[in-house]
Amino acid sequence: MDDYLVGVLSNIGVISFIALSAYLLLLIGAISFGQQAFFAIGAYAAGIATALWGWPLWLALGWGAAMGGVAAVLVGLPTLRLHGLYFAIATLAFAEMVRLLFEQFRYQVTIDGEPVGPNGTDGFRGIRYIFENDVGPLQFLALIYGLLAVVLAGLMLLERSRLGAAFRMIGEDPTLAALNGIAVARAQLLAAALAGALAGLGGGLYAHLTTYLEPRIFDVMLGVHGLAYGLIGGLGTALGPLIGVLIDIGMLESIRVFAGYRMIIFGGLVAVLLIVRPRGLLDERLVHRIGRACSGLFGRPRPDKNGAERKPA
Amino acid sequence: MTAIRLACALAAAIGLPAAAYAQTRAKADVTCRPSGTTLQYDCSIMLTNARTSEPLGGVTLTVGADMPSMPMMHNVRPVAATPGAQAGTYQARLTLEMHGDWALQLNLSGPLRDRVVTTLRFDPDKVAPAAKAPPRHKH
Amino acid sequence: MVDFVQNTLDGVMTGSSYGLLALGFTLIFGVMRRLNLSYGPSIMIGAYLGTLVYVQLSAGPLVVIAVTLLGAVLAGLYVERLCFAPMAAGAGVASMVSSFAIWMQLEQAAVLALPRHTYPFPPLATGAPLNLGPFLLRVDHLIMLTGALALSACVHLLIYRSHFGLGLRAIINNPVAAHLVGINVRAAIVRAFALASAVGGVAGYLVLAVDQQVTPMFGMWATIKGLIAMMIGGLGSIPGAILGGLLLGVIEAHSQWYFGPHIRDLFAYLALFACLALRPGGLLGEALHEPFERGA
């Protein structure tokens, strides 16, 4: 596999983490323009852990994810009770504040006679873990996709669990969900924490993939793209955001004729999709229909003429 | 992905903390000029050892680029740099997708592995070091 | 003390342009109950057209302002057609996200058309600043302030004294009832959009003429400032928009004086966040209570 392909696939993998993070919040009905803040926090935290403190990678990634999750809960506490529109703007404000704070953040440690660490707008260079530990591009790619697979498996399990059903119920109508006995506030915070941790994990991977961070990377564009991937690919399943990422980076990138017009096409695509399919390509209805068709294929009981399903004994 | 590669990746992830700080680090000076074709730039790169300031010759250098304001979304194909006449100098012709600030990733393989990142602003008529922060409206 | 008053004066003058931006935002929100995040970029399209005629045709300031206005209105109508008109009633969040997507589109279109980082804009006034006792007042700032106040007064008259304004207020109050009474809600919304874009176009012209340049960052900047000012002052409230703008200007002027430009932006966002967390309705508006239906 040539380096270019490995690079593109690695980028697709890392961006998927933000897309899944925004997706998780979309499930509970919260639109977040701010997941890039947790991505940033995870990136800086993991980068500091390996480059300045000498931690092993797995610990640094976990630390990044944990920081992302904690930050998400802290932000979620005052904002999740807000109306959807206000919540979206609040996440935008918070993410920009985080970016501006990173522009002021300086924490340098002298290693081997050279200062290493985040230096405000100059950025954080030299996250050299993959060079110092001889991790090749293919190996890092395997790490990214290994973690992504674990996350996807977790999200698929979540779909089938009570918690997943609770999330979707809150997304449909929080009042009705509360009337059904779901602890809405707690579930929302849990979703926010998971989403923040996901974004933080992605950030840690990003920091080690590119070895270089600066605050400008984590601006609104990143968050909006993450959100858009879920809305394009579909909110019915965790694969939806991944499809969105593939459509953007995979398709639009590889078709060179689109080169200068990427945003124009992508923006137009999102706008049109929101008109014709507001829940994305793989929306809940389609996923449900596919599920029913599959269970028919595998010989499980299908609904009879009156629509009643007979469950297996 | 073979099982062995996956095992290696996991081992690296779980591996011991990096103690090998005393590795050769590279420093780079990059100047770029518009090449005449739109969005194509000719760059000359000077690589030196960060600590001893000796020029680093004989290194395999590829140059990639990413836009800080839209990370991971432009996948510019990395170009191999050709060594120049002087030891430690290299030339590369970059084709970018948009004007603006780009973080050039100078990937060293060959005898040593390293990556140096330099951010430059690419305008249609000139290339300059990138501004520290996006210009703000001042009143 | 002198510094404090000087900063407050400066803040009021820049705040007047924020107020105009907020005014446009709030008009669209009041009438449609939706947030148009492409507001700044559509003004930027107008500004780019304006700078084009300024640079290519050496047009005078009046022509530039007319072209800016026209461009902003055309871009605004494009956004309205694509993001707001086709959405079912109540799909407010979908339109907001859609407008965000169109923002990216408009920004790239502008950068493709005019790729340089900055383009000149004709100044409002040249010459030395005026001295009013110990205070310094820049002439172009004063022109911006008077322009903003004049425009707000015009909009106020339009909304409260004209037939069109009556229809708008009816729609803001209760769209269904307005429809039942025979008001053509669709047409009125399109006109409100055009009005909001025109107001934004003037606001954009004033700000850019003071800066004497336009950059691709302007779209996001205008949206954020207008949004913050509107949220502070109160969604859907016209006096709130002006008040929020003035307040934001003053907060920014003081924070810039004590802490510098980066912290100034931090304070602006902090003000927005605090406002949302503590009093979402803003100072003069009412908090949204009904569930914001998703675009499902």
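Which residue of β8(B) is the bridge partner of B:W102? The partner is B:L120, and the strands that carry this pair are described below. The structure is a predicted model, in which local features need a pLDDT of at least 70, side-chain atom pairs count only at pLDDT 80 or more, and totals for chains, interfaces and linings use all residues. Residues are numbered from 1 along each chain as its sequence is written, while chains are lettered from A and ligands numbered from 1 in the order in which they are written.

In chain B, β8 covers residues 114–122 and is joined to β7(B) by nine bridges, the two strands running antiparallel. Strands are DSSP runs of E with at least two residues, helices are runs of H or I with at least four, and both are numbered from the N terminus; two strands pair if DSSP finds at least two bridges between them. β7(B) and β8(B) form a hairpin with four residues between them, and B:G110 in the turn has a positive phi of about 80 degrees. Strand β3 of chain B (residues 60–66) is also antiparallel to β7(B), to which seven bridges join it. Within that pairing, B:T62 has B:N107 as its bridge partner in β7(B). Strand β7 of chain B spans residues 100–109, and seven of its ten residues are buried, so it is largely enclosed by the rest of the structure. A residue is buried if 20 or more other C-beta atoms lie within 10 Å of its own, exposed if 12 or fewer, and partly exposed in between, with C-beta atoms placed from the backbone.

The loop between β2 (40–49) and β3 of chain B contains B:S53. Although B:S53 is not a glycine, its phi is positive, at about 60 degrees. Most residues other than glycine have a negative phi. B:S53 is exposed, with 8 other C-beta atoms within 10 Å.

Two residues are in contact if their C-beta atoms, placed from the backbone, lie within 7 Å. Residues 134–139 of chain B also stay under 50, with ten contacts beyond four places in sequence.

Chain C has eleven helices and four strands. Its 296 residues would have a radius of gyration near 19 Å as a compact globule, and the chain has 19 Å, which agrees. This radius is taken over C-alpha atoms, and the globule rule is 2.2 Å times the number of residues to the power 0.38. Of the 296 residues of chain C, 55% count as buried. Helix α8 of chain C (residues 185–211) has 27 residues that should span 39 Å at 1.5 Å a residue, and its end C-alpha atoms are 38 Å apart, which agrees. The expected span is 1.5 Å times one less than the number of residues. C:Q212 lies in the loop between α8 and β4 (213–214) of chain C. Phi of C:Q212 is positive, near 60 degrees, and C:Q212 is partly exposed, with 14 other C-beta atoms within 10 Å.

The contact takes 35 residues from chain A and 38 residues from chain C. On the side of chain A that touches chain C, α4(A) gives the most, with 13 residues.

How values were computed
pLDDT is the predictor's confidence in each residue, from 0 to 100.
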